[in-house]
There are 2 protein chains.
Amino acid sequence: MLAQPTDFHLDPRLSADCEFVVDLPISRLLLVNNASVPWFILVPRVDEATEMTHLAMPIQHQLLAEVNQISQLLEQLYQPQKLNIGALGNVVSQLHIHVIGRFHSDPAWPSPVWGNLPNNPYIASELPKMLDKIRQCLG
Amino acid sequence: MLAQPTDFHLDPRLSADCEFVVDLPISRLLLVNNASVPWFILVPRVDEATEMTHLAMPIQHQLLAEVNQISQLLEQLYQPQKLNIGALGNVVSQLHIHVIGRFHSDPAWPSPVWGNLPNNPYIASELPKMLDKIRQCLG
């Protein structure tokens, strides 16, 4: 059922915008490097995948379990007022699922974050500690 | 497992912007009345639900099955170049899942549709035939 990591190539635009967190059973978990909102991306390690609904159902169920896991982590760590969950892929076609915590006070609210957030990277020296905290919460 | 329709109240903003298509086992299926893109919305008939990941897993699995069904219907009827699937709810908090067909030539491409499409209702006299065709495809 699980894809082989050796087959997996992450789109360079995702690599450029995100920090690697961890490999879950089906997805690579990334944190978008924008401190304005807590924003995770799950990239299923399935070559050539572009649409979630084209995956076999057991893979979709595992992906949904990982979306649930990351939603719970996000709620535990950041207490957002709303979750935004979506698979768009209009710019980067490699299948990836956004799991974003939204706040009434965030710079894009109530619009979607895509295209509506200024560049706002995390302080580089604080990233390792933050990523460690996220990994600890994942167990 | 299934919610009781008698408990179900559709947010009036969804009623105002959409046409009723059919009740699936867990969701009410709506068509957004904007002819610029084929745009469906699934509203699980679960009172007070705002986050997909707060639903019990069997309900989420049924919802995922319905997202798959509507994605396939959309691909069959409209042959889009990309699907956009998302649960946002920043404006209307009642849980609803967007399933949207996107084209490189649509007025919002490659941006998300939300907030980026002009008002473009279907011709009223053509709507009943279109809705019938969609219902027929659903079997």
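Begin by selecting A87(A) and I85(B), because A87(A) stands opposite I85(B) in the strand β4(B). The model before you is a predicted one, and this pair belongs to a place where the two chains meet strand to strand: β4 of chain A, residues 82-87, is joined to β4(B) by 3 bridges, and the two strands run antiparallel.

Now show both chains whole and compare them. Chain B can be laid on chain A by a turn of 180° with a shift of 0.0 Å along the axis, and the RMSD is then 0.0 Å. The two copies are therefore related as by a two-fold rotation axis. To find that axis from the side of chain B, select G86(B), whose C-alpha is the nearest to the axis in that chain, at 1.9 Å. The same surface serves both copies, in that 100% of the contact residues of chain B recur in chain A.

Next, colour the residues at the contact, to which chain B gives 26 residues and chain A gives 26 residues. On the side of chain B that touches chain A, α2 (57-78) and β4 (82-87) each supply at least two residues. Sorted by class, that side of chain B holds 12 nonpolar, 11 polar and 3 charged residues.

Stay with chain B and select α2(B), a helix of 22 residues that reaches 31 Å from its first C-alpha to its last, close to the 32 Å expected at 1.5 Å a residue. Its buried residues are Q60(B), L63(B), V67(B), Q69(B), I70(B), S71(B) and L74(B). What covers them includes α2 (57-78) of chain A, together with β2 (27-32), β3 (39-44), β4 and β5 (97-102) of chain B. After the helix comes Q79(B), whose phi is positive, near 45°.

L42(B) is one of the residues that touch the most other members of the largest nonpolar core, a set of 55 residues; the others are F40(A), L42(A), V99(A), F40(B) and V99(B).

Finish at P110(A), in the loop between β5 (97-102) and α3 (127-138) of chain A. Is P110(A) buried or partly exposed? P110(A) has 15 other C-beta atoms within 10 Å, and so it is partly exposed. Across the contact, P110(A) touches N90(B) and V91(B), while its C-alpha is separated by 32 Å from that of I59(A), 51 residues apart along the chain.

Methods
Residues numbered from 1 in each chain as written. Chains lettered and ligands numbered in written order. Predicted model: local features only at pLDDT ≥ 70, side-chain atom pairs only at ≥ 80, totals over all residues. Least-squares fit on C-alpha atoms with pLDDT ≥ 70 in both. Contact = placed C-beta atoms within 7 Å. Core = buried A, V, L, I, M, F, W, Y, C linked by C-beta atoms within 7 Å. Buried ≥ 20, exposed ≤ 12 C-beta atoms within 10 Å, placed from the backbone. Helix = DSSP H or I, 4+ residues; strand = E, 2+ residues; numbered from the N terminus. Nonpolar A, V, L, I, M, F, W, Y, C, P; charged D, E, K, R; others polar. Pairing = 2+ DSSP bridges. Expected span 1.5 Å × (residues − 1). Lists of a residue's contacts leave out its neighbours within four places in sequence.
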